[in-house]
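This report describes selected local features of one protein model. The sequence and coordinates come first, followed by the text.

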Amino acid sequence: MALMTWTAEQYGTNVAFADEEHQVLFDLLNTLYDRATNGAARADVGESLDALIAYVVDHFAHEEKEMQAKGFAGYDAHKAEHDALVSTCADLQTKFHAGEADVTEDVGQMVKSWLDDHIPKFDKAYGPTLS
Ligand SMILES: [Fe+2]
Ligand SMILES: [Fe+2]
């Protein structure tokens, strides 16, 4: 079963690019989670992990650029949230490729919890400014 399913009610921001990117992000996370929890080859898990993290970095940069372009007041707090997740992801990515960590059920749940908190609380807040 998919770890995350996008619905407008739960995750809709009223900003088209963000809603589209969040759905791609959920798909990448679901693929990673499926591979990691179904005993896929480590190389395939790594490929999914790298793809998810690269997309997260691009998505955050896109949101930050749009928030700055519109002078969104919540920019600094929002960017700090992004930076914290990127730092956690970079650490995991380094450890995974060094053979010192694996992508576990807990990793999937951690990212899901982060998104479940961040999108409604932070991303929805830029809706009125960016839409
Ligand atoms: Fe977002
Ligand atoms: Fe965000």
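A residue counts as buried when its relative accessible area is under 20%, as exposed when it is over 50%, and as partly exposed in between. The model discussed here is predicted.

## Aromatic pairs

Two aromatic pairs are present in the structure. One of them is formed by Tyr11 and Phe26, whose ring centres lie 4.9 Å apart; with the planes at 90 degrees, the pair is edge-to-face. Tyr11 belongs to helix 1 and Phe26 to helix 2, so this contact ties together parts of the chain that are 15 residues apart in sequence. Both Tyr11 and Phe26 are buried.

Phe60 and Trp114 also form an aromatic pair, with 5.6 Å from centre to centre. Their planes are 40 degrees apart, and the arrangement is tilted. Because Phe60 is in helix 3 and Trp114 in helix 5 (residues 105-123), the pair ties together parts that are 54 residues apart in sequence. Trp114 has a relative accessible area of 15% and is therefore buried, the limit being under 20%. Phe60 is buried as well, at 4% relative accessibility.

## The iron site

Which residues supply the protein donors of the iron ion (ligand 2)? They are Glu63 (OE), His78 (NE2), His82 (NE2), His118 (NE2) and Asp123 (OD), and they lie 2.1 to 2.3 Å from the ion. Along the chain, the donors of the iron ion (ligand 2) follow the spacing E-x14-H-x3-H-x35-H-x4-D.

A distance of 3.5 Å separates the iron ion (ligand 2) from the iron ion (ligand 1). Glu63 coordinates both ions. Distant parts of the chain are linked by Glu63 in helix 3 and His78 in helix 4 (residues 75-97), which are 15 residues apart. Glu63 is buried, its relative accessible area being 0%. His78, at 1% relative accessibility, is also counted as buried.

## Packing of helix 2 and helix 3

The axes of helix 2 and helix 3 (residues 42-69) come within 9 Å of each other and cross at roughly 160 degrees. How are the two helices oriented, roughly parallel or roughly antiparallel? Angles over 145 degrees count as roughly antiparallel, and helix 2 and helix 3 are therefore roughly antiparallel to each other. Their crossing is left-handed. The residues of the contact between helix 2 and helix 3 comprise 14 nonpolar, five polar and six charged ones.

Asp58 is located in helix 3. With a relative accessible area of 53%, Asp58 is exposed, since the class begins over 50%. Asp58 and Glu21 are 37 residues apart along the chain, and 9.6 Å separates their C-alpha atoms.

## The loop residue Asn14

Asn14 sits in the loop between helix 1 (8-11) and helix 2 (16-37). Although Asn14 is not a glycine, its phi is positive, at about 75 degrees. Is Asn14 buried or exposed? Its relative accessibility is 61%, so Asn14 counts as exposed.

Conventions. Residues are numbered from 1 along each chain as its sequence is written. Chains are lettered from A and ligands numbered from 1 in the order in which they are written. This is a predicted model: local features need pLDDT of at least 70, side-chain atom pairs count only at pLDDT 80 or more; totals for chains, interfaces and linings use all residues. Side-chain values use heavy atoms; hydrogens and water are left out. Helices (H or I, at least four residues) and strands (E, at least two) are DSSP runs, numbered from the N terminus. Buried means under 20% relative accessible area, exposed over 50%, partly exposed in between (1.4 Å probe, protein chains only). Axes are lines fitted to C-alpha atoms, for helices over the stretch in contact, and angles run from 0 to 180 degrees between N-to-C directions. Angles under 35 degrees count as roughly parallel, over 145 as roughly antiparallel, 65 to 115 as roughly perpendicular and the rest as oblique. A crossing is left-handed if the near helix is turned anticlockwise from the far one by less than a right angle, and right-handed if clockwise. Ala, Val, Leu, Ile, Met, Phe, Trp, Tyr, Cys and Pro count as nonpolar, Asp, Glu, Lys and Arg as charged, and the others, Gly among them, as polar. Donors are N, O and S atoms within 2.8 Å of the metal (3.2 Å for Na, K and Ca); water is not among the atoms, so sites may look incomplete. Rings of Phe, Tyr and Trp (its six-membered ring) pair if their centres lie within 6.5 Å; planes under 30 degrees apart count as stacked, over 60 as edge-to-face and the rest as tilted.
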